[in-house]
Amino acid sequence: MATINELTPPYHVGYFVGSLSEHSINRLLSKALLRLAPHDLEFTEIPIGELPLYNRDLDGRFPQVALDFKASVDVQDALLFVTPEYNRSIPGALKNAIDWASRPYGENVIARKATAIIGASPGAIGTAVAQQQLRSVLSFLQAPQMNTPEAYIQITPGLITEDGEVTDPGTEMFLRSFMDAFFEYIERVLTVVPRAH
Ligand code: FNR
């Protein structure tokens with residue numbers, strides 16, 4: 001049963017960067033989002049790169065790395081996906097991580113968490129196709145999703161610095177408003193879906 005106390009910020013947001021690249025523009029985007037987000041959101045990156053490929057034969061005897069990964073998802077109030085588009089779809093590493101989080105059957109730790117999706121690409125489509133596919137996956141996993149604003153970010157050289165500073169004021173304002181909207185969305189979801197912990 002939710003109490004008023006349970007609805008008090010700060011809210012804990014776990015974020016996934018869908019790219020394993022050291023030079024990831026999506027990692028730069030995640031840095032920018034953390035800088036611009038309301039102070040009442042506390043962020044923890046949930047790494048996905050060390051997970052082995054999901055195999056259902058391991059259900060019930062997950063390797064420690066997968067147990068730790070699931071636990072780090074489970075403790076969050078909300079999840080933010082910052083992802084590239086690979087071949088008009090979700091990068092395999094991110095889908096693999098989601099598959100681990102969703103299993104064994106009945107132990108899906110993504111369910112009921114407020115989620116938001118954003119992604120960056122050098123191309124004009126700005127990860128829109130991958131994001132639609134991710135929405136489908138999150139729907140199946142019973143995760144409430146922020147519908148709008150949508151955020152398809154086309155990265156041009158220098159738009160976001162190594163430190164996550166956004167050099168274009170219009171883009172900065174948009175990313176700030178995206179994170180403000182996510183904060184409000186998390187609050188709404190927590191109002192109707194009590195935290196399990
Ligand atoms: C891409 N890229 C790409 N871009 C896009 O907009 N739509 C796509 O479908 C694809 N497909 C694709 C497949 C693969 C295997 C790679 C490696 C790349 C280009 C991609 O957007 C670009 O490499 C980004 O820099 C990837 O994001 P990170 O890794 O920099 O965060």
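Modeller: Helices (H or I, at least four residues) and strands (E, at least two) are DSSP runs, numbered from the N terminus. The model is predicted, so local features need pLDDT of at least 70 and side-chain atom pairs count only at pLDDT 80 or more, while totals for chains, interfaces and linings use all residues. Residues are numbered from 1 along each chain as its sequence is written, and side-chain values use heavy atoms, with hydrogens and water left out.

Biologist: Which pattern does the chain follow along the sequence?

Modeller: The pattern is β-α-β-α-β-α-β-α-β-α, and the elements come to five helices and five strands.

Biologist: Why is the chain called as compact as a globular protein of that length?

Modeller: The globule rule is 2.2 Å times the number of residues to the power 0.38, and the radius of gyration is taken over C-alpha atoms. For 197 residues the rule gives 16 Å, and the chain has a radius of gyration of 16 Å, so the chain is as compact as a globular protein of that length. The C-alpha trace spans about 45 × 40 × 25 Å along its principal axes.

Biologist: What makes Asp77 buried?

Modeller: Buried means under 20% relative accessible area, exposed over 50%, partly exposed in between (1.4 Å probe, protein chains only). Asp77 has a relative accessible area of 3%, so it is buried. Asp77 sits in the loop between helix H2 (64–74) and strand S3 (78–82). Of the 197 residues of the chain, 47% count as buried.

Biologist: Where does the backbone nitrogen of His12 lie relative to the side chain of Asp77?

Modeller: That nitrogen of His12 is 2.7 Å from a polar atom of the Asp77 side chain. A polar contact is a pair of N or O atoms within 3.5 Å; within protein, one must be able to donate a hydrogen and the other to accept it, and residues adjacent in sequence count only if both atoms are side-chain atoms.

Biologist: Which residues have an N or O atom set against an oxygen atom of the ligand?

Modeller: Ser19 has a side-chain N or O atom 2.6 Å from a ligand oxygen. For Asn26, also through the side chain, the distance is 2.8 Å. Ile25 uses a backbone N or O atom, at 2.9 Å. The protein covers 69% of the 610 Å² of accessible area that the ligand has on its own. Accessible areas come from the Shrake-Rupley method with a 1.4 Å probe; for residues, only the protein chains shown count as cover.
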